[in-house]
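Q: I would like to learn how to read the features of a structure that is new to me. Could we go through them one at a time?

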Amino acid sequence: MQVRPLSPEALADTVAERVARLPAPEGGRLRLAVDGAPAAGTAGLADAVAERLRLLGHPALRVSAGDFLRPASLRLEFGHQDPDAYFDGWLDTNALFREVFDPLEPGGSGLVLPALRSARALRTAPVPLPPGGVLVLDGPLLLGRWFPLDLSVHLRLGPAALARRTPADQQWTLPAFARYQDEARPADTADLVVRADDPRHPALVVG
């Protein structure tokens, strides 16, 4: 196994170019996920990749998993700081399938709901993603949920870096990410793995 150090800008270029080289699926729209703990900066990379894809002529639609949370009455059933509930019960996977992935299947409408529910109530209007477009989804704990992805990127933080970069009021989530590493093994299942311990100097794992 080797690692290739990159600047954040070069990493975004690399991911966007990898997506742009993918053959168009039957539905005509590609689906990219940038997975990792919030401390890894998934949103920033996803935003940068979406911007570069647009420059390459691919319409890109950004969706954040944090805007598809289950209702508070369900996700907080066992309290506000339960790591097992965070792992299993915060993300509304059914809503993501229904509102985001299903419309992009062959014969689907192409109308994607960019946001449903975050820590505050919200719901936006569906927006079209035309053939040739790319869904760019980011968020934590995304792999191993059977989402139909054409490319997945995992931003990996070692335990020490994850603890150091996670805010004090979010330290309770750390056991959930340890469980994720053990059960979902994202570094083994992602198409691209990036060591992100130093946000200024990410490194792409090669081989």
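Q: What covers the buried residues of α5?

A: A word on the source comes first: this is a predicted model, in which local features need pLDDT of at least 70 and side-chain atom pairs count only at pLDDT 80 or more, while totals for chains, interfaces and linings use all residues. Residues are numbered from 1 along each chain as its sequence is written, and side-chain values use heavy atoms, with hydrogens and water left out. Helices (H or I, at least four residues) and strands (E, at least two) are DSSP runs, numbered from the N terminus, and contact means heavy atoms within 4.5 Å. The cover over the buried residues of α5 includes β2, β3 (60–64), β4 (111–112) and β6.

Q: Which residues of α5 are buried, and how do they lie around the helix axis?

A: An α-helix has 3.6 residues a turn, so residues three or four places apart point the same way. Buried means under 20% relative accessible area, exposed over 50% and partly exposed in between, with a 1.4 Å probe and protein chains only. In α5 the buried residues are Ala95, Leu96, Glu99, Val100 and Phe101. Viewed down the axis of α5, these residues fall within an arc of 155 degrees (taken from the directions from the helix axis to the C-beta atoms), so they line one face of the helix.

Q: How is a pair of aromatic rings described, and how many such pairs does the structure hold?

A: The description uses the distance of the centres and the angle of the planes. Rings of Phe, Tyr and Trp (its six-membered ring) pair if their centres lie within 6.5 Å, and planes under 30 degrees apart count as stacked, over 60 as edge-to-face and the rest as tilted. The structure holds seven aromatic pairs. In one of them, the ring centres of Tyr86 and Phe177 are 5.8 Å apart and the planes stand at 70 degrees, so this pair is edge-to-face. Tyr86 belongs to helix α4 (residues 83–89) and Phe177 to helix α7 (residues 174–183), so that the pair links distant parts of the chain, 91 residues apart. Tyr86 counts as buried at 10% relative accessibility, and Phe177 is buried with a relative accessible area of 6%.

Another pair, Phe101 with Phe147, is stacked, at 5.0 Å centre to centre and 15 degrees between the planes. Because Phe101 lies in helix α5 (residues 93–101) and Phe147 in the loop between β6 (134–139) and β7 (151–156), the pair ties together parts that are 46 residues apart in sequence. Phe101 and Phe147 are both buried.

Q: Which strands pair with β2, and in which sense, parallel or antiparallel?

A: Two strands pair if DSSP finds at least two bridges between them. Strand β2 runs parallel to β6, to which six bridges join it, and the bridge partner of Val34 in β6 is Asp138. With β7, strand β2 pairs in the parallel sense over four bridges, where Asp35 has His154 as its bridge partner.

Q: Are the residues of β2 and β6 buried or exposed?

A: In strand β2 (residues 30–35), six of its six residues are buried: Leu30, Leu32 and Val34 lie on one side, with Arg31, Ala33 and Asp35 on the other. Six of the six residues of β6 are buried as well, so this strand is largely enclosed by the rest of the structure.
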